[in-house]
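Hi,

Here is the structure we talked about handing over. Please have a look at it first, then read my notes below.

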Amino acid sequence: MADTKVFCSSQLATITSSAEPYGLIENGAIVVSDGLIKWVGAQSSLSEAHSALPKQDFGDRLITPGLIDCHTHMVFGGDRAEEFEMRLNGVSYQEIARAGGGIMSTVKATRRASIEQLVDNALPRVDAMIAEGVCTIEIKSGYGLAQEAELKMLRAARQIAALRPIHVKTTYLGAHTTPPEYAGRDGDYITEIVIPTLHVAHAEGLVDCVDGFCEGIAFQPDQLARVFEAAKALGLPIKIHAEQLSNLGGARLAASHGALSADHIEYLEEDGVVAMAEAGTTAVLLPGAFYTLRETQKPPIQALRDHGVPMAVATDCNPGSSPLTSILLAMNMSCTLFRMTPEEALAGVTCHAARALGLADRGTLAAGQRADLAVWNVTRPAELAYRIGLNPLHKRIYGGHA
């Protein structure tokens with residue numbers, strides 16, 4: 001069997017439907033060939049042919065699927081550390097924004113930066129995620145807010161995938177907010193910039209998904225409906241930032257378009273939960289933004305459970321509201337701040353995160369899945385969400401290769 005090997009460990013958290021929590025297999029083995037998982041089970045059940053293959057025994061360690069960060073704004077220019085300090089010294093966000101700060105400071109810095117600068121700035125953040133066992137990330141545009149600047153961000157995201165052993169899904173977020181040159185003309189911005197840029201990005205093969213920010217400070221549902229209809233006409237899936245600061249019905253809108261996910265959703269009410277459940281839309285929870293903005297309105301975790309809505313967890317890595325590059329800390333925050341269970345948190349950065357990106361070939365340890373694995377120096381899966389500031393990764397295996 002060419003390029004076939006066996007990975008063994010004392011525990012496998014398969015994250016599959018199983019009577020065992022975490023889909024746990026004690027003293028398990030994973031047969032990998034040509035970058036795919038061929039077989040998973042107890043070592044005692046290995047076939048004679050598989051038993052004769054080269055083995056790598058990780059001993060008293062845990063193996064999980066490689067982790068997935070399904071919501072990031074990884075590519076951007078500049079930073080907002082000065083504004084962070086100003087806010088802590090009593091300057092209001094509104095005062096900072098009037099002085100040209102806030103998201104517009106990031107837009108200005110991103111527009112000025114070259115593709116090479118954007119890539120160079122993003123790579124340390126990507127490397128931090130790789131070091132925590134992340135094998136797949138989503139990267140959004142949305143800090144260009146002009147055609148060439150948005151395309152530049154998407155091109156930078158594509159380059160990252162060529163420079164690092166990590167799978168990148170790109171999301172076009174032209175409908176993030178309205179730039180100053182279109183102040184008071186949100187509809188014109190959608191017509192003249194967002195939709196035409198989407199067509200150019202699609203033609204260039206730069207976009208895997210389309211997103212929009214539905215909020216009082218961003219866009220109304222009827223405006224985003226036009227963007228989603230354009231995406232649908234191009235055969236592109238959609239996502240939405242919704243119900244972060246108020247309830248405008250963004251999640252219901254996205255669900256009506258068959259959205260992959262609705263993200264943030266702190267102010268989501270039960271009718272929106274029901275709509276997501278019926279559409280198969282995943283909830284993406286972003287505790288880093290909740291923490292950074294010192295929010296108090298928590299997402300409706302119990303309602304999501306009650307209606308069977310899958311819950312993903314992500315960093316929301318961005319320069320303003322969530323300068324977070326640790327998926328492990330995001331897992332801990334989802335438990336401590338939102339009261340998710342450690343099992344839900346691990347599913348949130350594996351199988352449900354894959355679902356939020358429309359990826360059926362990863363997120364679990366099962367035959368036919370990509371051989372993206374994370375090997376951990378822990379004795380039980382709950383430790384991954386329990387510890388704060390410790391990275392217990394022993395080895396990351398990407399496509400079957402360490």
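**Helix α13**

In α13, the buried residues are I327, L328, A330, M331, N332, M333, S334 and C335. That is 8 of the 10 residues of this helix, which spans residues 327-336, so α13 is largely enclosed by the rest of the structure. Please keep in mind that this is a predicted model.

Next, α4. Its buried residues are M104, S105, T106, V107, A109 and T110. What covers them? The cover includes α2 (81-88), α5 (115-130) and α6.

Two packed helices are described by the angle between their axes and the distance between the axes. Helix α4 covers residues 103-112, and helix α6 covers residues 147-163. They pack at an angle of about 75°, and their axes are 9 Å apart. Angles of 65 to 115 degrees count as roughly perpendicular, so α4 is roughly perpendicular to α6.

Which residues make the contact? From α4 they are T110, R111 and R112. From α6 they are A149, K152 and M153. By class, this contact has 3 charged, 2 nonpolar and 1 polar residues.

Now to the empty space. Rolling a probe the size of a water molecule over the atoms shows where empty space is left. The second largest pocket holds about 340 Å³. Its lining is made of 21 residues. Nearest its centre lie E343, E344, A347, C351 and H352.

Three helices each supply at least two residues of the lining: α12 (301-306), α14 (342-348) and α15 (351-356). The largest share comes from α14, with 4 residues. By class, the lining divides into 10 nonpolar, 7 polar and 4 charged residues.

**Two residues with positive phi**

I15 is not a glycine, yet its phi is positive, at about 55°. It sits in the loop between β1 (4-13) and β2 (24-33). Is I15 buried or exposed? Its relative accessibility is 10%, so I15 counts as buried.

L145 also has a positive phi of about 55° without being a glycine. Its place is the loop between β7 (134-140) and α6. At 1% relative accessibility, L145 counts as buried.

**E243**

E243 is a charged residue with a relative accessible area of 1%, so it is buried. Buried means under 20%. E243 is found in the loop between β10 (239-242) and α9 (250-256).

What does E243 touch, leaving out residues up to four places away in sequence? The list is C214, E215, L248, G249, G250, A251, I265, E266, Y267 and L268. E269 is 26 residues from E243 in sequence, and the two are 8.9 Å apart in space, C-alpha to C-alpha.

**A49**

Last, A49. It lies in helix α1, residues 48-51. A49 has 44% relative accessibility, so it counts as partly exposed. A49 and A356 are 307 residues apart in sequence. In space they are 37 Å apart, C-alpha to C-alpha.

Best wishes

Terms used
Residues numbered from 1 in each chain as written. Predicted model: local features only at pLDDT ≥ 70, side-chain atom pairs only at ≥ 80, totals over all residues. Heavy atoms only, no water. Axes fitted to C-alpha atoms, helices over the stretch in contact; angles between N-to-C directions. Parallel < 35°, antiparallel > 145°, perpendicular 65-115°, else oblique. Contact = heavy atoms within 4.5 Å. 1 Å grid on protein atoms, 1.4 Å probe; cavity = no way out; pocket = protein on both sides within 12 Å on 5 of 7 lines; lining within 4 Å. Points joined across faces, edges and corners; volume = space filled by probe spheres on them. Buried < 20%, exposed > 50% of the residue type's maximum accessible area, 1.4 Å probe, protein only.
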